[in-house]
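Here are a few notes from my pass through the model. Have a look at the structure first, then see whether you read it the way I do.

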Amino acid sequence: MRAVMYDAIGATPVVRDLPDPVAPVGGVVVAVHATGLCRSDWHAWVGHDDISLPHVPGHELAGVVSSVGQGVERWSVGDRVTVPFVEGCGTCEWCHSGNAQVCPFQEQPGFTHWGSFAELVALHAAETNLVRVPDDVSFEAAAALGCRFATAWRALTARAHVQADEWVTVVGAGGLGLSCVVIGKALGAKVIAVDRNPGALEAAQAVGADVTLATDGLNVPAAVHELTSGGSHVAVDAAGTEATCADAILSLRRRGRHVQVGLLPPVDGHPRVPMSRVIAWELDLLGSHGMAAVDYPAMMARITSGDLRPESLIERVVGLEEAATLLPMMDRTAASGITMINPLVPDAPR
């Protein structure tokens, strides 16, 4: 198979011919038809995650089952599938309770094992983790669900319990933040999108944001408090920096709910959080780490009905060669949507 690989942390990724993976016991191999280029892949490439080298990145994917491992009963060759980026073990108390997203024995394609920037990818515990993709949902739309969109769905529905007419402030309007905008609007909320990139703010407005705020020189919390007459009911840090985390928390009204979904790697120590405000205003701080496969049906139903359109967030589709070039640039590129990779075509312009 062809795949994007790098040999050392920070080394230039290249496309190589590698041996085809073998389906693990209880797992499958999937022929990848679409896979997302996510900032989490960049975090692994720069060394913020513990990975084995050489490494194939990629964790948001959809495709067709090409081989089935021993013990798999519900899945067959030819099935159209996607998978959450967290592969629960399927046997622990957390998986049995429907919370595979926090499984202590989890696997993650593109992190704990080779990922989906490839023509083929091996996936573990298929009975627990695979999600069937309806024929009327594209592979690109399904691949967009695996990390950013599903994380945003769970963050706003199961964690923050967003209600109609509440104010939701989303700090960071990349793929994850734009997913929060789309879902927040579908839930009937009033959404403020915050970013430093004009293109990202234009994308947020295009997918329904009620207000967009450019961060350059702006006191974001003060602006949000003025717009919302006292602060947002819910705030999401979808970027993952000390500054964006603080802006999100300080944008909340009293007894508001903050959801941290942007990764906060402990570079130069753990980020400082304005805990004095959290205590004085009785704010709720919530984490959200993907979503288990058992929770996909409600989200998928709204996609098939047309209420949610994750494909509207896709900015472009590229091949493996371009993906290898783009990965090291993710901290310097002003993204305004999701970049999707088609591993079956070397270069697939959208």
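1. Keep in mind that this is a predicted model. I'd start with the largest nonpolar core, which has 55 residues; Leu156 and Met299 touch the most other members. The top contributor to this core is helix α5 (residues 145–159), which supplies seven residues.

2. Leu156 deserves a click. Setting aside residues up to four places away in sequence, its contacts are His161, Val162, Val168, Cys180, Ile183, Gly184, Leu187, Val234 and Val236. There is also a second, separate core of 29 residues, with Ala31, Val56, Ala122 and Leu320 among them.

3. Next, the α5 packing. The axes of α5 and helix α6 (residues 175–186) come within 8 Å and cross at roughly 50 degrees. That angle makes α5 oblique to α6, and the crossing is right-handed.

4. Who meets whom there? On the α5 side the residues are Arg148, Phe149, Thr151, Ala152, Trp153 and Leu156, and on the α6 side Gly175, Leu176, Ser179, Cys180, Val182, Ile183 and Gly184. Sorted by class, this contact has eight nonpolar, four polar and one charged residues.

5. Last, Pro134, which sits in the loop between β7 (131–132) and α4 (139–143). Beyond its neighbours within four places in sequence, Pro134 contacts Arg80, Met300 and Thr304. From Pro134 to Leu145, eleven residues along the chain, the C-alpha separation is 13 Å.

Notes
Residues are numbered from 1 along each chain as its sequence is written. This is a predicted model: local features need pLDDT of at least 70, side-chain atom pairs count only at pLDDT 80 or more; totals for chains, interfaces and linings use all residues. Side-chain values use heavy atoms; hydrogens and water are left out. A nonpolar core is a set of buried Ala, Val, Leu, Ile, Met, Phe, Trp, Tyr and Cys residues joined through side-chain atoms within 4.5 Å. Buried means under 20% relative accessible area, exposed over 50%, partly exposed in between (1.4 Å probe, protein chains only). Helices (H or I, at least four residues) and strands (E, at least two) are DSSP runs, numbered from the N terminus. Contact means heavy atoms within 4.5 Å. Axes are lines fitted to C-alpha atoms, for helices over the stretch in contact, and angles run from 0 to 180 degrees between N-to-C directions. Angles under 35 degrees count as roughly parallel, over 145 as roughly antiparallel, 65 to 115 as roughly perpendicular and the rest as oblique. A crossing is left-handed if the near helix is turned anticlockwise from the far one by less than a right angle, and right-handed if clockwise. Ala, Val, Leu, Ile, Met, Phe, Trp, Tyr, Cys and Pro count as nonpolar, Asp, Glu, Lys and Arg as charged, and the others, Gly among them, as polar.
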